[in-house]
Amino acid sequence: MPATSEVRAALAGQRIETPSWAYANSGTRFKVFPQPGVPRDPWEKIADAAVVHRLTGIAPTVALHIPWDEVEDYGKLAAHAEEHGVALGAINSNVFQDPDFKLGSVTNPEPRIRRKAIDHLLKCVDIMDATGSRDLKLWFSDGTNYPGQDSIRARQDRLAEALREVYDRLGPDQRMLLEYKLFEPAFYTTDVPDWGTSYAHCTELGDKATVCIDTGHHAPGTNIEFIVAFLLRANKLGAFDFNSRFYADDDLMVGAADPFQLFRIMHEIVSADALRPEAGIAFMLDQCHNIEAKIPAIIRSVLNVQEATAKALIIDAEALADAQRSGDVLGANAVLMDAYSTDVRPMLREVRADAGLDPDPVAAYRASGYQERIEADRVGGTQAGWGA
Ligand code: LRH
Ligand code: MN
């Protein structure tokens, strides 16, 4: 069994990035239910993200989405984040809402429209220069709805050309994270539908291009931890967009729908010694809190990742290796299940107390009065959302 001090040190070093858009209004095509106290701008989103970090101790960065988080002066926004004890993280591009991108953005048959899309991606790199962000996260809604609508191969050529231009613009310490998604909003082909397509483009581009795994973007039954293990081995895993789902891209709280899957994913991370920030994996949340209170939901999500990580860290790696080596199928499975079945919450409460934090961050949030304050203060103006 790993020494508790090792486990606690690894937990203390855990870093989870929260998404600015999860603090704002979101919903489905049926309805977006506004909530009282929701931020009206990136400044207020960052203030909320800072509360999550203050209470959990392990969420020091906030991902931005452009243009949802557009501001005049990104340097000022970065300073605002610093004043609140957090930093700006990945910059997410958005080439999925402009009417011009109906038939595609970087894959559009129209050169003028491809140019427009690439210019947006290049602008996001300019923003990274201003915020000091390392990661450019690219997700393309690009695809087709009917067979014959466009050439699958030609769209891949256009995609590769656009990625190459953006890749060559990246600074020495900057990276691109290419996110894939099986379907939606396109319902016949999606131009980056799976990990293999992302991996192939990233390999063609170079070391600064890595794959982003959004846990809600796979066909039902997909073994995501296999993808994690494969990409880690190939040194091509750059990031996670953590959430959970029962059906499709539900964007529910990570660990809510399938905590065992999250544990299996973190087992692959821990056994590859890839939890340390130096390993370069960005652990981000990408969620929408359509009906539940947003800040407590994000706190709960950070704790869900922490719990899954703690369970993965207490796996008796030696016993597991012995059982695997000797072909002891049940024995090996039992080692993992012992860890998964262990209640790590008492240890995590101690880890938080050792860090000077309230052992129960969700209760601490409720007792803080912050929710009442923002509901009273944030009256008037326009609540932030996806603007869809
Ligand atoms: C696409 C996605 C992508 C983001 C968006 C908010 O489904 O996962 O990561 O840009 O959600
Ligand atoms: Mn995502």
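Tutor: A polar contact is a pair of N or O atoms within 3.5 Å. Keep that cut-off in mind for ligand 1. Also remember that this is a predicted model.

Student: OK. How far is a polar side-chain atom of D286 from an oxygen atom of ligand 1?

Tutor: The distance is 2.7 Å. That pair falls inside the cut-off, because a polar contact needs N or O atoms within 3.5 Å.

Student: And how much of ligand 1 does the protein bury?

Tutor: The protein buries 97% of it. The total is 300 Å², which is what ligand 1 exposes when taken alone.

Student: Where does ligand 1 sit?

Tutor: In the largest pocket.

Student: How many residues surround ligand 1, and which are the closest?

Tutor: There are 13 around ligand 1. The closest are H65, K137, E179, D214 and D286.

Student: What about H217 and ligand 1?

Tutor: A polar atom in the H217 side chain is 3.2 Å from a ligand oxygen.

Student: Now K137. How far is an N or O atom in its side chain from an oxygen of ligand 1?

Tutor: 2.9 Å.

Student: Where is K137 found?

Tutor: K137 belongs to strand β4, residues 135-139.

Student: Is K137 buried or exposed?

Tutor: Buried. K137 has a relative accessible area of 3%, so it falls under the 20% limit for buried residues.

Student: Which side chains does the K137 side chain make polar contacts with?

Tutor: One is E179, at 2.9 Å. Another is D241, at 2.8 Å.

Student: What else is in contact with K137, leaving aside neighbours within four places in sequence?

Tutor: The list has I91, N92 and S93, then L177, E179 and C212, and finally D241 and M284.

Student: Let's switch to N94. Where is its place?

Tutor: In the loop between β3 (87-92) and α4 (111-131).

Student: Loop residue, then. Buried or exposed?

Tutor: N94 is buried, at 6% relative accessible area.

Student: What does the N94 side chain have a polar atom close to, and at what distance?

Tutor: The backbone nitrogen of F96, 3.0 Å away.

Student: Which residues is N94 in contact with, neighbours within four places aside?

Tutor: H65, I66, P67, W68 and H120.

Student: What is the phi of E184?

Tutor: Positive, about 75°, although E184 is not a glycine. Most residues other than glycine have a negative phi.

Student: How accessible is E184?

Tutor: Its relative accessibility is 35%, so E184 counts as partly exposed.

Student: And N235, what phi does that have?

Tutor: Also positive, about 55°, and N235 is not a glycine either. N235 sits in the loop between α7 (224-233) and β9 (237-242). At 65% relative accessibility, N235 is exposed.

Student: New topic, V166. Where is it?

Tutor: In helix α5, residues 152-169. V166 is buried, with a relative accessible area of 1%.

Student: Which residues does V166 touch, not counting those up to four places away in sequence?

Tutor: I118, L121, L122, V125, L136 and M176.

Student: How far apart are the C-alpha atoms of V166 and K123?

Tutor: 9.9 Å, although the two are 43 residues apart along the chain.

Student: Last one, E318. Buried or exposed?

Tutor: Exposed, at 63% relative accessibility. E318 is in helix α10, residues 317-325. Its C-alpha is 9.8 Å from that of V335, 17 residues away along the chain.

Definitions and conventions
Residues numbered from 1 in each chain as written. Chains lettered and ligands numbered in written order. Predicted model: local features only at pLDDT ≥ 70, side-chain atom pairs only at ≥ 80, totals over all residues. Heavy atoms only, no water. Helix = DSSP H or I, 4+ residues; strand = E, 2+ residues; numbered from the N terminus. Buried < 20%, exposed > 50% of the residue type's maximum accessible area, 1.4 Å probe, protein only. Polar contact = N/O pair within 3.5 Å; in protein donor to acceptor, adjacent residues only side chain to side chain. Contact = heavy atoms within 4.5 Å. Near = heavy atom within 4 Å. Areas by Shrake-Rupley, 256 points an atom, 1.4 Å probe, with all protein chains shown as cover. 1 Å grid on protein atoms, 1.4 Å probe; cavity = no way out; pocket = protein on both sides within 12 Å on 5 of 7 lines; lining within 4 Å. Sits in = over half its atoms within 2 Å of the grid points.
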